[in-house]
Amino acid sequence: MATVSPVGFDAERVRADFPILQQQVNGHPLVYLDNAATTQKPEVVIQAIVDYYREDNSNVHRGAHTLADRATAKFEAARGKVRDLIHAAHAHEIIWTRGTTESINLVANSWGRGNLQPGDRVLVSAMEHHANIVPWQMVAADCGASVEPIPVDESGTLDMQALRFMLDDGRVKMVACGHVSNALGSINPVEEIVQLAHAAGALCLLDGAQAIGHFNVDMQALDCDFYVFSAHKLFGPTGVGVLYGKSALLEAMQPWVGGGEMIETVSFAGSTWNQLPWKFEAGTPDIAGVIGFGAAIDYVQGLDRVAAEAHELELLHYAESRAREVPGMRLIGTAANKIAVMSFLLEGAHPADVGTLLDQQGVAVRTGHHCAQPIMDQYAIPGTVRASFSIYNTRADVDRLFVALEKVRQFL
Ligand SMILES: *Cc1c(COP(=O)(O)O)cnc(C)c1O
């Protein structure tokens, strides 16, 4: 079998960098197709975390000793790597959080509570992840604002005409939209969404959790106000996330979490805040995680990302063509512009049962509502089976999925 895919990306070589993939699960070589939930970590990331704990472990920003200096240098270097990765104008526009969820909660609570008035509207998409719905609902309820879905059609494509119409009344203050849907794989036309939001006097937050693992994004070209993602979906560790925000907006926002590190001075008469980015980083951060994420970004920057994405899409198209030959297999999410996510149902089979039977054959997929219940309700389904592909998947993985699905069909 050819090791280099038709698009010239050597997925087999990449695969060898990921030790977890070299194992058997339930007596079969692991086929990992749950990349939309979390990606695996290359050896260089694991090693960076181990090295930090073995050699540099110390608290950042406050020690007057060599280990603290080394830890701080690596910690802040990782911030610079994120800046380069997403082409932000300044490193102080990169705020460390615990993940996408926390980043959105930070913006909703800090920017939202400071700016939303009774009658104001926040728009999210109908296929949004719960992380970009619930924080807005919590804050909007306190501010007298509303959270409304931008419609999505049967294929999983955002209705841009409806968005234009919704923006018309001048009461929309925030358009908070996924860059890519984790449940369906749809890529939204974010450049246009940002332009429309700005033209209507609204800000735009983009949830990039599913985009960042598949293609490069450019903050200065996109011109969005906030962009959020999690390290663990870009081959980095769990527990680390990024909030990118435009400098002027972050400057004007009140901190959300108070404590050490985020202050300039503290007295019982009142406290003053540290400068960006530390104003939003109270307490000891996940230092090892941030440094591990720095290694993940180095790893990604060493790949040809355009070829990697073409490789993933080639797998998706191959998988979808095989799916069309399987009687009773229904694809959910068929937008023209997609990442390599295949959500599906098998007629007469509950998604959870399909997932269990695939796992018994060593094939890891996700089943359920994928933290996107509203869009499942729109399709009137309880959930889907989701196979999501990454840089280390191969055509052999797709073949294994379909061999396993054939067994599931015979069994059920
Ligand atoms: C995974 C994901 C989230 C939540 O990320 P956490 O790391 O769990 O905070 C939010 N939005 C999308 C689109 C996701 O895929």
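Which residues surround the ligand? Select the ligand and display G99, T100, T101, H129, A131, N182, D207, A209, Q210, S230, H232 and K233 around it.

Before going on, some ground rules. This is a predicted model, in which local features need pLDDT of at least 70 and side-chain atom pairs count only at pLDDT 80 or more, while totals for chains, interfaces and linings use all residues. Residues are numbered from 1 along each chain as its sequence is written, and side-chain values use heavy atoms, with hydrogens and water left out.

**Stop 1**

Keep the ligand on screen. Look for polar contacts (pairs of N or O atoms within 3.5 Å; within protein, one must be able to donate a hydrogen and the other to accept it, and residues adjacent in sequence count only if both atoms are side-chain atoms). Start with S230: a polar atom of its side chain sits 2.7 Å from a ligand oxygen. Go to K233, where a side-chain N or O atom is 2.7 Å from an oxygen of the ligand. Then pick T100, where a polar backbone atom is 3.4 Å from a ligand oxygen. Taken alone, the ligand exposes 390 Å², and the protein buries 85% of that. Those areas come from the Shrake-Rupley method with a 1.4 Å probe; for residues, only the protein chains shown count as cover.

**Stop 2: helix α5**

Select residues 134–143, helix α5. Helices (H or I, at least four residues) and strands (E, at least two) are DSSP runs, numbered from the N terminus. Color P135, W136, V139, A140 and C143: these are buried. Buried means under 20% relative accessible area, exposed over 50%, and partly exposed in between (1.4 Å probe, protein chains only). Now look down the axis of α5: the buried residues fall within an arc of 120 degrees, so they line one face of the helix. The arc is that of the directions from the helix axis to the C-beta atoms. An α-helix has 3.6 residues a turn, so residues three or four places apart point the same way.

Turn to the other side of α5, where M138, A141 and D142 are exposed. What do the buried residues of α5 pack against? Show α4 (100–115), β5 (121–125), β6 (146–150), β7 (172–178) and β8 (203–207). Just after the helix, G144 takes a positive phi of about 75 degrees.

**Stop 3: salt bridges**

The whole structure holds 21 salt bridges. Each is a side-chain nitrogen of Lys or Arg within 4 Å of a carboxyl oxygen of Asp or Glu.

Select R79 and E281, whose closest N and O atoms are 2.8 Å apart. R79 lies in helix α3 (66–86) and E281 in the loop between β12 (270–273) and α10 (287–301), so the pair ties together parts that are 202 residues apart in sequence. R79 is buried, at 2% relative accessibility. E281 is buried too, at 7%.

Next, K173 and D120 form a salt bridge of 2.8 Å, N to O. K173 is in strand β7 and D120 in the loop between α4 and β5, so parts 53 residues apart in sequence are tied together. K173 is partly exposed, at 26%, whereas D120 is buried, at 0%.

Then pick R121 and E148, bridged at 2.7 Å, N to O. R121 is buried, at 12%. Finish with D34, R366 and R386, linked in a network of salt bridges.

**Stop 4: Y244**

Select Y244 in strand β10 (241–245). Buried or exposed? Y244 is buried, at 3% relative accessible area.

**Stop 5**

Most residues other than glycine have a negative phi, and most peptide bonds are trans. Zoom to L276 and P277, joined by a cis peptide bond with omega near 0 degrees. P277 lies in the loop between β12 and α10.

Move to D223, with phi near 65 degrees. D223 sits in the loop between α8 (219–222) and β9 (226–230) and is partly exposed, at 34%. End at A380, where phi is about 55 degrees. A380 is in the loop between α13 (373–379) and β17 (384–388) and is exposed, at 69%.

Definitions and conventions:
Contact = heavy atoms within 4.5 Å. Near = heavy atom within 4 Å.
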